[in-house]
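I opened my notebook to look up a few things in this model. Here is what I jotted down as I went.

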Amino acid sequence: MTAIWAGIDAGKTHHHCVVIDDTGKRLLSRRVANDETELLKLLGDVLALGEVTAWGIDLADGGAALLIAVLVNHGQHLLYIPGRAVNRASEGYRGDGKTDAKDAAIIADQARVRHDLTPLRPGEELVTELKVLTGHRRDLSDDRTRAINRLRGHLTGIFPGLERELDLGNVGPLVLLTGYQTPAAIRRTGTNRLTTWLRNRKVRGADQLAAKAVQAAEGQNTAVPGEKITAQVVHTLAREVMALNAKITETDKLIEGRFRQHRHAEVIASMPGIGPLLGAEFLAATGGDMDAFDNADRLAGFAGVAPAPRDSGKISGNLHRPKRYSRRLQRVFYTSALISIRCCDESRRFYDRKRAEGKRHTQAVLALARRRVNVLWALLRDGRCYDPIPPVTPAA
C-alpha cells in the first residue's frame, strides 16, 4: 500500500485534515467536526488511501482530546508538533497566506520529513486526572488573587489605614471584613466587643487583630463619598475570597489523594522541597514516564533550567535562557529549590557556595534547580527514595 502522512490543524469545534504521499502530493483535504462519528468517518477515509505512517497534530489536549483518543484507540501513530514549530516552518513554504488547510499540510509534511518529533502516547488515567485537578487549582488560585486585589482596591478607597494593617492572605482579616468595613462601625464596636465577635468565629489572634482594627479606625474620622456601597462590595469580596479558599483546600485534598496513588509518589515526595502539590504538578507536566527523557539533560531542557547555546561564527560559549520549555515544570523545580534551601542542609550548602562564587540569588536558585533535576531523574530511574548520603557501590 501507498505510504501516507496525515496532518491535522486542531480546533475547538472543527479540525482540518490534510493527507499527503511520499512526494508531498495532497491526497485529501477536509474540514471535519469535532464529533466522534465524523472523526471515525475521517479515519476510515484516510486508511482507505494507503498505509498511514504517522498522524501529525498541533495540540496535545483540550479540543484535540477526543480526536487523540479515537486515533490511539485504533492503533494509529501520533506525533506532536507544537504550534510554534508550525509557525516557524510555514516560512519555508510557498505563499504568505495562513489557512487551516495550509497549516494542516505543513503539519503533514513536517511529520513526513522530521524524525525528532515527540510521539503522543496514551496517558495514564491517574496522570490525566492530576492534569485536570492541578489546572483547576491554578484557575482557582488566579481567581483568588484577582479577588484579593479588587478587595484591596475597594478597601483602600474607603479605609486605607485598615488595608495597610491586614494580611488578606489569612482567614482572620477576611472574617473581620465580612462584619466590619468602615472606621465608624469599628469605633462603635470597640476593642472588647470586636475581640469577642472574632473569637466566636474561631479567629486566631482575635485580640491583636481587633486592637489593630480599632487603632486604624481611631486614626480616620472622615467618611469618603460612596462609603456605604463600597463597604457592601468589600463584604461581598471578602466572602468570595473565603469561598475560593475553601474550594482550593478541597481541591488540594483531591490532588494529594490521587498523587499518593501514583507508583512514583514515594520517590518524588522524598525529595526535599517537593510535597504532594508540586509532585502532582511534576507528574502532570511529564506524564510520570521518564522513558520520554533519555537523560537528565533532556529533562532539564524541557524544564527550562538548562541554558541553550547561541553560537555563531567566532562567537562560542554564548548561552541564553531557552524559549521553548514547560513553564509548569520550571515552576516545580524552581519553587522546590527555594523551599529546599530552608529545609535541606545539602541544598543550603550548594546555594551558599554558588552565592560565594558571585552568582545572584536567582542564578544560584536556578543552579540548584538544575542539580535537583539530575538527582530526581536518577532516583526515578533507579526506583529509590532520596538519601542525603548516597549508597556506595562496592568495587568489583
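Predicted model: local features only at pLDDT ≥ 70, side-chain atom pairs only at ≥ 80, totals over all residues.

I began with L42, which sits in helix α1 (residues 36-47); helices here are DSSP runs of H or I with at least four residues, strands are runs of E with at least two, and both are numbered from the N terminus. Is L42 buried or exposed? L42 counts as buried, at 2% relative accessibility. For this label I used under 20% relative accessible area as buried, over 50% as exposed and in between as partly exposed, with a 1.4 Å probe and protein chains only. I then took the C-alpha to C-alpha distance from L42 to E165 and got 62 Å, for two residues 123 apart in sequence.

Residues are numbered from 1 along each chain as its sequence is written, and side-chain values use heavy atoms, with hydrogens and water left out.

Next, the overall form. I find 16 helices and eight strands in the protein. The radius of gyration is 28 Å, well over the 21 Å that the globule rule gives for 396 residues, so the protein is more spread out than a compact globule. The radius is taken over C-alpha atoms, and the rule is 2.2 Å times the number of residues to the power 0.38. The C-alpha trace spans about 85 × 65 × 50 Å along its principal axes. Of the 396 residues, 43% count as buried.

On to charges. How many salt bridges does the structure hold? I have 19 in my notes, each being a side-chain nitrogen of Lys or Arg within 4 Å of a carboxyl oxygen of Asp or Glu.

E240 and R150 form one of them, at 3.6 Å from N to O. This pair links distant parts of the chain, with E240 in helix α10 (residues 227-261) and R150 in helix α5 (residues 125-158), 90 residues apart. E240 is partly exposed at 32%, and R150 is partly exposed at 39%.

D297 and R370 also meet in a salt bridge, at 2.5 Å from N to O. D297 is exposed at 51%, whereas R370 is buried at 19%. A306 lies in the loop between α13 and β7 and is buried at 18%.

E346 and R349 pair up at 3.5 Å, N to O. Both lie in helix α15 (residues 345-356), three residues apart, about one turn of the helix. I also found R138, E281 and R328 joined into one network by salt bridges that share partners.

Last, the surface. R84, R88, R310, K323, R324 and R327 form a positive patch; patch residues have over 30% relative accessible area and no salt bridge, with like charges joined within 9 Å. R310 is in the loop between β7 (308-309) and β8 (319-320), and is partly exposed at 44%.

Technical notes:
Patch = residues over 30% accessible without salt bridge, like charges linked within 9 Å, V, L, I, M, F, W, Y side chains within 5 Å. Areas by Shrake-Rupley, 256 points an atom, 1.4 Å probe, with all protein chains shown as cover. Lys, Arg positive; Asp, Glu negative; His and termini not counted. Charge placed at Lys NZ, Arg CZ, Asp CG, Glu CD.
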